[in-house]
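I am opening a notebook on one protein chain.

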Amino acid sequence: VQFLPSGLHPNAKDAVNEMLPDDLKVFSICKVRKGFNGRSSCSWRDYEYYLPMSIFRNENAVERFEKVIKNFTGSHSFHNFMSMKGSELKSKWKKINESRSNSSEENNALLDDEDSDFSSSENNEKDPLFSEEGLIDSNFPVRKMMKEMRTTVHKMEAEKFDLKRSEKSTERLIKVKIRGQGFLYNQIRLMIGASLAESNSWVPEGWVRYGLRVPYTLHFPLAPAEGLLLLSQGFTRGKLGNSAVLEPDLLSEFGGDVTFWGEKNHELKVSNRLQALMSSSDLEMAEHFKVTKILPKIATSWVDDKVGEEWSKWAEERYSLAPVEDLDRFEGALRAFDNHLKELEQKDFVRKIEIRKLALEKGSKYYKDYLPKGFVNSLIVRFDLLPGNKVTAICQALVQRMKNSNDKNNKIEHFETNDEILEKVEQIGIENLAKEGKFKPGIQS
């Protein structure tokens, strides 16, 4: 099999497509280095989720939805936004208990109480919106369980989208763009379902935010699978510094040279190389296929097959918060714990300042020792960056400014918060900082 210098095969995809039905298509076949693992090497995934406008109670609900989904950006414990089978839960608890037996640091737990009910939202019986056991002190190692469910969402934003279904018919949809480091089972569908529940006032305002922060089990409706679409992925976590992305335009986000192939045995050079898995024309064909084949089927399922209507009826009936005797007490417990968590986070921030000061004095070689907790993810979210060498270069430049800088207006201090440093990043400029950090965009070999 002969590959082009870029690693792409010019004819294999056509041969494969001849054997596939019209609604399934291959756009690129590309050779990757030996040992490539699409799961462990994946740095980010881009998804889209499409919703019909009819699923919202009114226009105000759409506006609330656009605000609610922003709660998910950043690093959180998604223990209330995932499904887990009993065997998986048992495995997690076993891992946690083994860790607990080998550790003497249980008193450092940030969270103390948790209900162990991580049940799926697909049960036949009606779930309560909250678990009463969560109000009672327990000995469950919650911090460790929530840590197991922790992941990062880099982007979650919504926009209106008009799909032309025929010459006389246009369907108004809401398109949600989602980018994350990795996702738990059913996480995206539960994030969408929870956002719909709060925006349509089926659950109290703030319920989604509490679900991300407090050690209680809150139940949310699982949105249909019909609207979910995996759009793109990036593979930049290889041990040898190799990177592979779908879009050629993204190569400039990563330092190194564009991949080329050796003449002998068509072996891949494996020293800090970049590779685009699809060409520009491949991407154009894929976009056309999405608009003409995939999205019309999504619209048909939501509207013509009445998936949206039936789901809304089911979700409102099952998850609307009916008056219950202890609701006020439960909401009070949520607010109290949220306030308590803020106090603990402030204490943790003060402690982190001392660590950052010590890093300056000792000259730590790790840039994360100098920056506030969660700064890297905040940087990625704020400036819509991709995880990779460019982000590392920016952070290294900030550390150098913290150590020694003649720019008094934009000097970075060790005691500054995430928001304060991000404001200075805005003033200095992302590209300027990347250059200061010796970042060199991907170039053609």
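**Entry 1: ground rules**

I am working with a predicted model, in which local features need pLDDT of at least 70 and side-chain atom pairs count only at pLDDT 80 or more, while totals for chains, interfaces and linings use all residues. I number residues from 1 along each chain as its sequence is written, and side-chain values use heavy atoms, with hydrogens and water left out.

**Entry 2: the whole chain**

I looked up the secondary structure and found 13 helices and eight strands in the protein chain. Helices (H or I, at least four residues) and strands (E, at least two) are DSSP runs, numbered from the N terminus.

How much of the chain is buried? I noted that 47% of the 445 residues are buried. Buried means under 20% relative accessible area, exposed over 50%, and partly exposed in between (1.4 Å probe, protein chains only).

I then looked up the accessible surface, which comes to about 23800 Å². Carbon and sulfur atoms hold 48% of that surface. The areas come from the Shrake-Rupley method with a 1.4 Å probe, and for residues only the protein chains shown count as cover.

Next came contacts, meaning heavy atoms within 4.5 Å. Of the contacts with a separation of 6 or more, 76% are between residues 24 or more positions apart.

**Entry 3: α2 and α5**

Two packed helices are described by the angle between their axes and the distance between the axes. I looked these up for helix α2 (residues 59-68) and helix α5 (residues 187-199): the angle is about 135 degrees and the axes are 8 Å apart. Axes here are lines fitted to C-alpha atoms, for helices over the stretch in contact, and angles run from 0 to 180 degrees between N-to-C directions.

I therefore put α2 and α5 down as oblique to each other. The cut-offs are under 35 degrees for roughly parallel, over 145 for roughly antiparallel, 65 to 115 for roughly perpendicular, and oblique for the rest.

The crossing of α2 and α5 is right-handed. A crossing is right-handed if the near helix is turned clockwise from the far one by less than a right angle, and left-handed if anticlockwise.

Which residues make the contact? From α2 I listed Ala 61, Arg 64, Phe 65 and Val 68, and from α5 Ile 192, Ser 195, Leu 196, Glu 198 and Ser 199. By class, the contact of α2 with α5 has five nonpolar, two polar and two charged residues. Ala, Val, Leu, Ile, Met, Phe, Trp, Tyr, Cys and Pro count as nonpolar, Asp, Glu, Lys and Arg as charged, and the others, Gly among them, as polar.

**Entry 4: α10 with α11**

I moved on to α10 and α11, whose axes come within 11 Å and cross at roughly 120 degrees. The pair is therefore oblique, and α10 passes α11 in a right-handed crossing.

On the α10 side I found Phe 375, Val 376, Leu 379 and Ile 380, which meet Val 391, Ile 394, Cys 395 and Leu 398 in α11. The contact of α10 with α11 has eight nonpolar, no polar and no charged residues.

**Entry 5: α10 with α12**

Helix α10 (residues 375-383) also packs with helix α12 (residues 418-428): their axes come within 11 Å and cross at roughly 45 degrees. I therefore recorded α10 and α12 as oblique to each other. The crossing of α10 past α12 is right-handed.

Phe 375, Ser 378, Leu 379, Arg 382 and Phe 383 in α10 meet residues of α12, including Asn 418, Ile 421 and Leu 422. By class, this contact of α10 with α12 has six nonpolar, two polar and three charged residues.

**Entry 6: two asparagines**

Is Asn 418 buried or exposed? Asn 418 lies in α12 and counts as buried because its relative accessibility is 17%. Leaving aside neighbours within four places in sequence, Asn 418 is in contact with Pro 372, Lys 373, Gly 374, Phe 375 and Ser 378.

Asn 410 sits in the loop between α11 (389-403) and α12. Asn 410 is buried too, at 12% relative accessibility. With neighbours within four places left aside, Asn 410 is in contact with Arg 401, Lys 424, Gln 427 and Ile 428.

**Entry 7: two lysines**

Lys 306 is not a glycine, yet I found a positive phi of about 60 degrees. Lys 306 is in the loop between α7 (280-304) and α8 (307-319), and it is partly exposed at 44% relative accessibility.

Lys 438 has a positive phi of about 65 degrees and is not a glycine either. Lys 438 is in the segment after α13 (430-436) and is exposed, with a relative accessible area of 72%.
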